[in-house]
Amino acid sequence: MKIRIETDAYYLILEAIQNKKYKMIASPVHFEEINAIRDPHERYELVALLTKYGTDVPCDLGKIRARAEYLCSKRFGVADAAHVAFAEATADLFISCDEKLLKKCLKTRINVEAMNPVKFAVMEDLK
């Protein structure tokens with residue numbers, strides 16, 4: 001049941017992005033992770049989604065890297081640290097389905113609000 005609710009929330013958020021209510025920030029980390037996906041269809045779909053709806057924002061990659069290295073020292077995985085550091089530098093909110101990562105974010109007190117898609121959809125009253 002939890003997966004179904006998260007999936008519904010994901011599609012509600014995506015629809016709001018398509019309707020330009022929100023912006024989805026695309027980071028280089030997203031594309032690196034997508035390149036590692038073995039299924040070519042899944043890889044293509046994700047790249048198409050990020051290319052069409054993702055927004056590039058100016059940022060200082062050196063500062064983001066330094067912050068990611070700090071987060072790694074706080075026991076974040078490399079990719080998770082990079083995602084969080086990028087979100088801190090470019091976004092108002094970090095949304096993830098990874099509950100372990102969200103707990104680490106809360107414990108570490110990152111510099112961006114972090115939540116799962118369901119909480120965001122409820123908070124924003126997406127229907």
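A polar contact is a pair of N or O atoms within 3.5 Å; within protein, one must be able to donate a hydrogen and the other to accept it. The views below come from a predicted model.

**View 1. Tyrosine 53 makes a polar contact with glutamine 18.** The side chains of tyrosine 53 and glutamine 18 are joined at 3.3 Å. That distance falls within the 3.5 Å limit. Tyrosine 53 belongs to helix 3, which covers residues 40–53. Beyond residues up to four places away in sequence, tyrosine 53 touches Leu14, Ile17, Gln18 and Met24. Isoleucine 25 is 28 residues away from tyrosine 53 along the chain. The C-alpha atoms of tyrosine 53 and isoleucine 25 are separated by 8.5 Å.

**View 2. The whole protein, with seven helices and four strands.** Along the sequence, the elements follow the pattern α-β-α-α-β-α-α-β-α-β-α. The radius of gyration is 15 Å, close to the 14 Å that the globule rule gives for 127 residues, so the protein is as compact as a globular protein of that length. The C-alpha trace spans about 40 × 30 × 30 Å along its principal axes. Of the 127 residues, 34% are buried. Take the contacts between residues at least 6 apart in sequence: 54% of them join residues at least 24 apart.

**View 3. The surface and charges of the protein.** The protein carries 20 positive and 19 negative side chains. The centres of these two sets lie 5 Å apart.

**View 4. Histidine 83 is joined to glutamate 33 by a polar contact.** The side chains of histidine 83 and glutamate 33 meet at 2.7 Å. Histidine 83 sits in helix 5, residues 78–90. Its relative accessibility is 12%, so histidine 83 counts as buried, the cut-off being under 20%. Leaving aside neighbours within four places in sequence, histidine 83 is in contact with Ser27, Val29, His30, Glu33 and Phe94.

**View 5. Alanine 87 in helix 5.** Alanine 87 has a relative accessible area of 7%, and is therefore buried. Setting aside neighbours within four places in sequence, alanine 87 is in contact with Phe94 and Val112. Valine 112 is 25 residues from alanine 87 in sequence. Their C-alpha atoms are 6.9 Å apart in space.

**View 6. Threonine 90 and the backbone of phenylalanine 86.** A polar atom of the threonine 90 side chain lies 2.7 Å from the backbone oxygen of phenylalanine 86. Threonine 90 is in helix 5. Its relative accessible area is 17%, so threonine 90 is buried. Apart from neighbours within four places in sequence, threonine 90 is in contact with Ile25, Val57 and Cys59. Ile25 is the residue whose C-alpha atom is 8.5 Å from that of tyrosine 53.

**View 7. Alanine 36 in the loop between helix 2 and helix 3.** Helix 2 covers residues 28–35. Alanine 36 has a relative accessible area of 61%, so it is exposed, the cut-off being over 50%. Leucine 102 is 66 residues from alanine 36 in sequence. C-alpha to C-alpha, alanine 36 and leucine 102 are 23 Å apart in space.

**View 8. Arginine 75 has a positive phi.** Phi of arginine 75 is near 75°. The value is positive, and the residue is not glycine. Arginine 75 is in the loop between helix 4 (61–73) and helix 5. At 72% relative accessibility, arginine 75 counts as exposed.

**View 9. Aspartate 125 also has a positive phi.** Phi of aspartate 125 is near 55°, again in a residue other than glycine. Aspartate 125 is found in the segment after helix 7, which covers 117–123. Its relative accessibility is 52%, so aspartate 125 counts as exposed.

Definitions and conventions: Residues numbered from 1 in each chain as written. Predicted model: local features only at pLDDT ≥ 70, side-chain atom pairs only at ≥ 80, totals over all residues. Heavy atoms only, no water. Helix = DSSP H or I, 4+ residues; strand = E, 2+ residues; numbered from the N terminus. Contact = heavy atoms within 4.5 Å. Rg over C-alpha atoms; globule rule 2.2 N^0.38 Å. Buried < 20%, exposed > 50% of the residue type's maximum accessible area, 1.4 Å probe, protein only. Areas by Shrake-Rupley, 256 points an atom, 1.4 Å probe, with all protein chains shown as cover. Lys, Arg positive; Asp, Glu negative; His and termini not counted. Charge placed at Lys NZ, Arg CZ, Asp CG, Glu CD.
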